[in-house]
Amino acid sequence: MLFGIPQSEKPNLYLLGIPWDSSSSFRRGSAEGPNAIREATSSKLYNSFNEGLTNLAEHWRYKDLGDIKADSFKELVERVNSMVKAYYKGELFLFLGGDHSITYATFKAIKEAFKERFGLIYFDAHPDLYPKYEGDMYSHACTVRRLVEEGLVEGENVVQIGVRAPTKEQIEFAREHGIKVISASEIYRSPEIEIPFGRAYLSFDMDVLDPAFAPGVGNPEPGGLSTRELVEVVKNLDVKVMAFDIVELNPGYDYKGISAFAAAKIIREVLGKMRE
């Protein structure tokens, strides 16, 4: 059971696993992420309170919709859209990846279901702004660029946090489109971030954390955030969360569940923050 939160047929939180890692560019294995995160959020380990003493069990009821599987990325996008459309009536969705390409599908589905503007807060070591990567326009290295170029989110409504492995071309694209890129160094100096929009989709690539805190990822990048720093950023966010995801957890490279437990910590603090 998720942090002791009751399961319900009338939930205000839906959980959906998306075990897709076909665009992983270095270490495959994030398809095993959803079940690892489920295990790490067990109430056998955690009580139902976040650090702010919000009792998640008093505010949330959830339903686990299981995992979506697909043979192609196009099919994945269609199946995610169908699932969200079938269930979404204003409830919160938590998506468990999978590589970061799933955020294209999940953001698109929430946008089409909600039909109003909201921004994207993207926690990642990488900006994911390549026009194409290894011949794939929908690679996990292209996610934000696809969302912006296809008009699913305006560049000025994108904030990227924890970036420390950009390229010159990606930063130039970000500047041209008004994307706010906040480096890991800036977070090290202060966890307080000014967000220029009131509603947001949050996307957490586990490699935003330094490999010391999350070794189990597909593309580890040293010099990242600590789990403490990331939690402080979450605590300081002043936005209404429309949906969020946790991606790129690769259990095959994890050590004694360190990365999975960090993912569980992020989820618990986001859920608590939303009800404080």
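Buried residues account for 58% of the 276 residues in this protein. Keep in mind that this is a predicted model.

On contacts, take the pairs in the protein that are at least 6 apart in sequence: 77% of those contacts join residues at least 24 apart.

Next, the secondary structure, which comes to nine helices and eight strands. The radius of gyration is 17 Å, close to the 19 Å that the globule rule gives for 276 residues, so the protein is as compact as a globular protein of that length. Along the principal axes, the C-alpha atoms fill a box of roughly 45 × 40 × 35 Å.

Now the helix pair. These are α8, residues 227-236, and α9, residues 258-275. At what angle do α8 and α9 pack? The angle is about 15°, and the axes are 10 Å apart. Angles under 35 degrees count as roughly parallel, and α8 and α9 are therefore roughly parallel to each other. The crossing of α8 and α9 is right-handed.

Which residues meet there? From α8 we have T227, L230, V231, V234 and K235. On the α9 side they meet A262, K265, I266, E269, V270 and K273. Sorted by class, this contact of α8 with α9 has six nonpolar residues, four charged and one polar.

To recap the pair: α8 and α9 pack at about 15°, with a right-handed crossing. That is what I have; questions are welcome.

Note on methods
Residues numbered from 1 in each chain as written. Predicted model: local features only at pLDDT ≥ 70, side-chain atom pairs only at ≥ 80, totals over all residues. Heavy atoms only, no water. Axes fitted to C-alpha atoms, helices over the stretch in contact; angles between N-to-C directions. Helix = DSSP H or I, 4+ residues; strand = E, 2+ residues; numbered from the N terminus. Parallel < 35°, antiparallel > 145°, perpendicular 65-115°, else oblique. Left-handed = near helix turned anticlockwise from the far one by under 90°. Contact = heavy atoms within 4.5 Å. Nonpolar A, V, L, I, M, F, W, Y, C, P; charged D, E, K, R; others polar. Rg over C-alpha atoms; globule rule 2.2 N^0.38 Å. Buried < 20%, exposed > 50% of the residue type's maximum accessible area, 1.4 Å probe, protein only.
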